[in-house]
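Open the model in your viewer and keep the selection tool ready. The stops below go from the whole chain to single side chains.

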Amino acid sequence: MTTPPIGFMPGPRRPDLAAELTHCLDLARGHWQRLARQPVTAFPAGLGQGRHTDYRNAQVLGRLIGDYGWPDHPLVGQDAAKAAYLIALHADPRRDIQVAAMREMFQAVRRGTASKRHWVHLHDRVLCADGAPQVYGTQHQLGPDGIPVRLPVRNPEELDERRREVGLPPAAEALAALRQRLAADPTSHAATDPPTANLTAAA
């Protein structure tokens with residue numbers, strides 16, 4: 001079966017679900033941008049409301065996963081699938097949904113209908129939240145000085161080799177880009193991935 005050119009990819013089967021996911025992303029984006037620049041010792045205003053938004057968005061994602069499996073590209077389109085990934089990445093208040101999302105997304109990656117790079121970030125996130133060393137070095141934490149530091153990594157001497165296998169740049173390069181992004185005006189990054197709050201995701 002021949003894959004159609006990018007410009008001729010069919011639309012999502014469920015544009016209504018796509019709209020729901022992108023709406024959830026819009027509700028949370030500003031909250032994520034604010035928290036991403038707060039050291040772990042800080043408790044910025046609006047934290048409680050932001051976490052409530054993350055909880056509610058996770059519930060929406062959990063319902064969609066229960067009904068349809070992972071919201072992949074054929075079901076909701078590329079943009080909404082990315083929104084689903086970002087919601088899962090921030091679903092810390094609902095660890096059960098976050099873990100289910102990681103598992104379902106892995107199956108979609110195996111089918112070729114979800115991004116392997118996105119799954120790598122979510123996999124590392126789940127490991128770090130469990131207190132385990134991450135595999136691909138995508139997760140960082142902001143220290144009291146606001147500088148992101150990579151969280152512990154399994155077999156760090158092999159990190160760049162693992163990253164290369166999944167299409168990620170060298171770890172040092174990704175960390176430098178993350179630091180530059182967090183130091184910049186957040187309004188200049190409205191169209192890019194919002195970094196994860198206080199457990200910051202980098203490519």
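Show the protein chain as a cartoon: it has eight helices and three strands, where helices (H or I, at least four residues) and strands (E, at least two) are DSSP runs numbered from the N terminus. Read along the sequence, the order is α-α-α-α-α-α-β-β-α-α-β. This is a predicted model, in which local features need pLDDT of at least 70 and side-chain atom pairs count only at pLDDT 80 or more, while totals for chains, interfaces and linings use all residues. Residues are numbered from 1 along each chain as its sequence is written, and side-chain values use heavy atoms, with hydrogens and water left out.

Now colour by accessibility. Of the 203 residues in the protein chain, 47% are buried; buried means under 20% relative accessible area, exposed over 50%, and partly exposed in between (1.4 Å probe, protein chains only). Contacts, meaning heavy atoms within 4.5 Å, can also be sorted by sequence separation. Among those between residues at least 6 apart in sequence, 63% join residues at least 24 apart.

Next, select leucine 17, which lies in helix H1 (residues 15-36). Is leucine 17 buried or exposed? With 5% relative accessibility, leucine 17 counts as buried. Apart from neighbours within four places in sequence, leucine 17 touches Leu64, Tyr68, Leu75 and Val76. Draw a C-alpha to C-alpha distance from leucine 17 to leucine 75: it reads 8.3 Å, for a sequence separation of 58 residues.

Move to helix H5 (residues 95-111) and helix H6 (residues 116-129). Their axes are 10 Å apart and the packing angle is about 150°; axes are lines fitted to C-alpha atoms, for helices over the stretch in contact, and angles run from 0 to 180 degrees between N-to-C directions. H5 is therefore roughly antiparallel to H6, on a scale where angles under 35 degrees count as roughly parallel, over 145 as roughly antiparallel, 65 to 115 as roughly perpendicular and the rest as oblique. To see the contact, show side chains including Met102, Met105 and Phe106 of H5, and Trp119, Leu122 and Val126 of H6. By class, the contact of H5 with H6 has 10 nonpolar, three polar and three charged residues. Here Ala, Val, Leu, Ile, Met, Phe, Trp, Tyr, Cys and Pro count as nonpolar, Asp, Glu, Lys and Arg as charged, and the others, Gly among them, as polar.

The H4 and H6 axes come within 10 Å and cross at roughly 10°, which means H4 is roughly parallel to H6. The contact is made by Lys82, Tyr85, Ala88 and Leu89 of H4 with His118, His121, Leu122 and Arg125 of H6. Four nonpolar, two polar and two charged residues make up the contact of H4 with H6.

Finish with the charged pairs. How many salt bridges does a search of the whole structure find? The search finds eight, a salt bridge being a side-chain nitrogen of Lys or Arg within 4 Å of a carboxyl oxygen of Asp or Glu.

- Aspartate 16 and arginine 14: the closest N and O atoms are 2.6 Å apart. Aspartate 16 is partly exposed at 41%, and arginine 14 is partly exposed at 27%.
- Arginine 94 and aspartate 96: the closest N and O atoms are 2.7 Å apart. Arginine 94 is buried at 19%, whereas aspartate 96 is partly exposed at 46%.
- Glutamate 158 and arginine 162: the N to O distance is 3.9 Å. Glutamate 158 is partly exposed at 36%, whereas arginine 162 is buried at 13%.
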